[in-house]
Amino acid sequence: MMRSVPKFLVPVALLALACTLVSAYDPSPLQDFCVAINSSTSAVFVNGKFCKDPKVVTANDFFFPGLQIPRNTANRLGSNVTLVNVDKLPGLNTLGISLARIDFAPYGLNPPHTHPRGTEIIVVAEGTLYVGFVTSNTDNKLFTKVLNKGDVFVFPIGLIHFQFNVGKTNAVAFAGLSSQNPGVITIANAVFGSNPPINPDVLTKAFQVDKNVVNYLQKQFYSDNHN
């Protein structure tokens with residue numbers, strides 16, 4: 001015979017579940033702002049960063065200049081991502097948002113990658129981009145779209161996605177991310193460029209290729225297009 005669950009445990013269980021769900025994302029701020037500061041002197045540690053004394057906060061703590069300036073795309077990928085996160089704009093601390101400018105040379109690529117802590121939404125400012133994301137292992141479905149100037153596309157949190165300039169001219173996009181520090185894992189870099197390297201036997205079996213192929217890929221220089 002099954003025993004009934006005490007009524008007081010129901011709200012406790014629901015609260016625990018809610019707390020678990022909330023903790024998966026950037027927590028909501030408990031004050032107007034918490035400008036990040038590296039020094040721990042006379043500061044409070046909140047969400048990965050110490051809070052600057054509000055009495056000495058200035059407008060510059062909420063300011064980042066220069067996103068109108070084209071970035072250097074002279075690398076093997078032909079792209080450059082300028083991320084404005086909490087490390088570059090201290091006023092973002094606890095606000096759960098960040099921004100990026102993505103520059104593309106003709107046929108430049110922002111390679112398949114994922115943001116473990118943030119959803120991304122982009123708007124194309126110039127050029128034409130072929131973009132897409134792949135769903136999780138249930139069906140690995142690919143969603144793609146060709147975007148032109150003014151078009152918007154969203155990449156759900158944690159899913160592998162990419163952007164590729166299919167035009168003969170430079171392209172520029174701006175992205176908003178739902179975390180002050182969304183993180184980025186570039187798939188090729190992580191799998192074939194890890195330090196120390198992943199055992200080739202693991203990758204040979206995972207990708208079902210000859211070991212020489214894995215050895216070749218691990219010797220390649222993988223570009224980091226983030227700054």
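A polar contact here is a pair of N or O atoms within 3.5 Å; within protein, one must be able to donate a hydrogen and the other to accept it, and residues adjacent in sequence count only if both atoms are side-chain atoms.

## About the model

This is a predicted model, where local features need pLDDT of at least 70 and side-chain atom pairs count only at pLDDT 80 or more, while totals for chains, interfaces and linings use all residues. Residues are numbered from 1 along each chain as its sequence is written, and side-chain values use heavy atoms, with hydrogens and water left out.

## The annotated site

The unreviewed UniProt entry marks Asn-110, His-115 and Glu-120 as "binding site"; such annotations may be inferred rather than shown by experiment.

Take His-115: it sits in the loop between strand 6 and strand 7 (120–126), strands being DSSP E runs of at least two residues, numbered from the N terminus. Its side chain makes a polar contact of 3.5 Å with the side chain of His-113. His-115 is buried at 8% relative accessibility (buried means under 20% relative accessible area, with a 1.4 Å probe and protein chains only). Beyond four places in sequence, its contacts (heavy atoms within 4.5 Å) include Glu-120, His-161 and Pro-182.

Asn-110 lies in strand 6 (residues 109–114) and is buried too, at 2%. Its side chain has a 2.7 Å polar contact with that of Gln-163.

## The nonpolar core

A nonpolar core is a set of buried Ala, Val, Leu, Ile, Met, Phe, Trp, Tyr and Cys residues joined through side-chain atoms within 4.5 Å. The largest one has 18 residues, and Leu-147 is among those touching the most other members. Strand 12 (171–177) gives the largest share, 4 residues.

Definitions and conventions. Buried means under 20% relative accessible area, exposed over 50%, partly exposed in between (1.4 Å probe, protein chains only).
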